[in-house]
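I opened the notebook to record what I looked up in this model. The entries follow the order in which I checked things.

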Amino acid sequence: PSEFGIAMPQHEIKLETAKVLMKIDRYSDARIIYEKLLQRSPDDWLCWKAHLECSVFENDVGLTRLLVEKIIKDREDSRYRLRGPHLMIIELATEQLRNDATDDAIQAVGDAIQKYAEKFAHRANCAFMDLDRYINVLLQYNNNEFCRGVVVSLLDFAKTLRRNNEASDNNSTSGEVNITSSTKEIGRAHV
């Protein structure tokens, strides 16, 4: 303990420092702190969101994309995949959609959702809660026929995923899901 009370862990000190830096518009300095925190704790969703916020204020979300790619690559041999960096891929696609609501941006969000579900839906019940927000973002564009096609394809994919998961539960104890090649790419059939 310090003379002022209970000492804060180093991690908490860095988090608070980054928050203060953001409040005084020193986004680059805050982003660097979040980047270091994410390298040590790469599944910390609050740090990912803050890192992206700093990158947006710096007008370069590519900084967050590079960090995501690096962390995923560094952990590709890991037995357990981290949801945080993979979820950030969807968040980045959603950020692009907010800035430029083109068919390509809609497709990118749909593709990112599908890839995330392929990786995590069979292991983590919370994966569906993770994706709910992004499905709602797509639904905001439901007046766009292309977007409706993407959403319908996502629903078809979810049915296939559920069937495969049920079959996997009945046929094995590993809990792994076999995503068949018959699963359509999201929206491609609707172009």
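The notes below go from confidence and fold to pockets, one histidine and the salt bridges.

**Confidence**

The mean pLDDT of the protein chain is 82. I noted that 82% of its residues reach 70 or more. Residues 173-191 are another matter: there the pLDDT is below 50. I still find 42 contacts in the model for this stretch, beyond near neighbours in sequence. Where pLDDT is low, the predicted coordinates should not be read in detail. I therefore leave the detail of those contacts alone.

**Fold**

Next I listed the secondary structure. I count 8 helices and 0 strands in the protein chain. Along the sequence the pattern reads α-α-α-α-α-α-α-α. The chain has 191 residues, and 39% of them count as buried.

**Largest pocket**

Which elements give two or more residues to the lining of the largest pocket? The elements are helix H6 (103-120), helix H7 (126-139) and helix H8 (145-171). H8 gives the most, with 6 residues. The lining has 13 residues in total. Nearest the pocket centre I find Phe-128, Leu-131, Ile-135, Leu-154 and Ala-158. By class, the lining divides into 12 nonpolar residues, no polar ones and 1 charged.

**Second largest pocket**

I turned to the second largest pocket, at about 150 Å³. Helix H4 (62-74) and H5 each supply at least two residues of its lining. I wrote down the lining residues: Ile-71, Ile-72, Arg-75, Glu-76, Ser-78, Tyr-80, Arg-81, Leu-82, Pro-85, His-86 and Lys-119. They divide into 5 nonpolar, 2 polar and 4 charged.

**His-86**

His-86 is in the lining of the second largest pocket, so I checked whether it counts as buried or exposed. Its place is in helix H5 (residues 83-99). Its relative accessible area is 10%, under the 20% cut-off, so His-86 is buried. Which residues is His-86 in contact with, leaving aside neighbours within four places in sequence? I find Ile-72, Arg-81, Tyr-116, Lys-119 and Phe-120. Ile-72, Arg-81 and Lys-119 are also named in the lining of the second largest pocket.

**Salt bridges**

The count comes to 11 salt bridges. I looked up three of them.

Entry one is Glu-16 with Lys-19. Their side chains meet in a salt bridge at 3.5 Å, N to O. The two are 3 residues apart in helix H1 (residues 10-23), so about one helical turn separates them. Glu-16 is partly exposed at 35% relative accessibility. Lys-19 is partly exposed too, at 40%.

Entry two is Lys-70 with Asp-74. I read 2.7 Å, N to O, for this salt bridge. Both residues lie in helix H4, 4 residues apart, about one turn of the helix. How exposed is Asp-74? Its relative accessible area is 52%; exposed means over 50%, so Asp-74 counts as exposed. Lys-70, at 40%, counts as partly exposed.

Entry three is Glu-95 with Arg-98. The closest N and O atoms are 3.5 Å apart. Both residues sit in helix H5, with 3 residues and about one helical turn between their positions. Glu-95 counts as buried, at 15% relative accessibility. Arg-98 is partly exposed, at 39%. Which residues do salt bridges with shared partners join to this pair? I find one network of Lys-49, Glu-91, Glu-95, Arg-98 and Arg-133.

**Last look**

Conventions
Residues numbered from 1 in each chain as written. Predicted model: local features only at pLDDT ≥ 70, side-chain atom pairs only at ≥ 80, totals over all residues. Heavy atoms only, no water. pLDDT = per-residue confidence, 0-100. Contact = heavy atoms within 4.5 Å. Buried < 20%, exposed > 50% of the residue type's maximum accessible area, 1.4 Å probe, protein only. 1 Å grid on protein atoms, 1.4 Å probe; cavity = no way out; pocket = protein on both sides within 12 Å on 5 of 7 lines; lining within 4 Å. Nonpolar A, V, L, I, M, F, W, Y, C, P; charged D, E, K, R; others polar. Points joined across faces, edges and corners; volume = space filled by probe spheres on them. Salt bridge = Lys/Arg side-chain N within 4 Å of Asp/Glu carboxyl O.
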